Amino acid sequence: MAQIKQITHQPLQTVSRHSDVDCTYTVVHIDGQKYLQLDTYGSITRENPGKKSQSLRLTPQAIQQLKSIIQQHGL
């Protein structure tokens, strides 16, 4: 699992297609703070399809940055 405290823009050098996977979210409460956790699950081509693959937990500051990025780019 990774906890994201800050989001910084970095352009990609090459753009490639990614496979589709399932994603779930959970709002986690720790010490009076709310965190957004996103969990992704292995694609059908993986050895263990459907198994939890990655977890990203965004701090309140990173959530605000993500909101701003979405609004700024009309996403």
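1. The protein exposes about 6600 Å², of which carbon and sulfur atoms supply 50%; accessible areas come from the Shrake-Rupley method with a 1.4 Å probe, and for residues only the protein chains shown count as cover. Buried residues make up 17% of the 75 residues, where buried means under 20% relative accessible area, exposed over 50%, and partly exposed in between (1.4 Å probe, protein chains only).

2. This is a predicted model, in which local features need pLDDT of at least 70 and side-chain atom pairs count only at pLDDT 80 or more, whereas totals for chains, interfaces and linings use all residues. Residues are numbered from 1 along each chain as its sequence is written, and side-chain values use heavy atoms, with hydrogens and water left out.

3. As to overall dimensions, the radius of gyration of the protein is 14 Å, while a compact globule of 75 residues would have one near 11 Å; the radius is taken over C-alpha atoms, and the globule rule is 2.2 Å times the number of residues to the power 0.38. Taken along the principal axes, the C-alpha atoms fill a box of roughly 40 × 35 × 20 Å.

4. The protein has one helix and four strands, which follow one another from the N terminus as β-β-β-β-α. Helices (H or I, at least four residues) and strands (E, at least two) are DSSP runs, numbered from the N terminus.

5. The four strands form an open sheet in the order β1-β4-β3-β2, with mixed pairing, two strands being paired if DSSP finds at least two bridges between them. Because β1 (2–4) and β2 (23–30) stand at the edges with a single partner strand each, one side of each is left without a neighbour in the sheet. Neighbouring strands are turned by 25° against each other on average, direction ignored; axes are lines fitted to C-alpha atoms, for helices over the stretch in contact, and angles run from 0 to 180 degrees between N-to-C directions.

6. Strands β2 and β3 (residues 33–41) run antiparallel and are joined by eight bridges. Within this pairing, V27 has L36 as its bridge partner, Y25 has L38, and V28 stands opposite Y35. On to β4, β3 pairs in the antiparallel sense over six bridges, and there Q37 has R57 as its bridge partner.

7. Helix α1 (residues 60–72) has 13 residues and reaches 18 Å from its first C-alpha to its last, close to the 18 Å expected at 1.5 Å a residue, the expected span being 1.5 Å times one less than the number of residues. The helix packs on the sheet, where α1 touches β1, β3 and β4 (52–58), and its direction makes about 70° with that of β3; contact means heavy atoms within 4.5 Å. After α1 comes G74, whose phi is positive, near 65°.

8. The hairpin of β2 and β3 has two residues between the strands, and D31 counts as exposed, at 77% relative accessibility.
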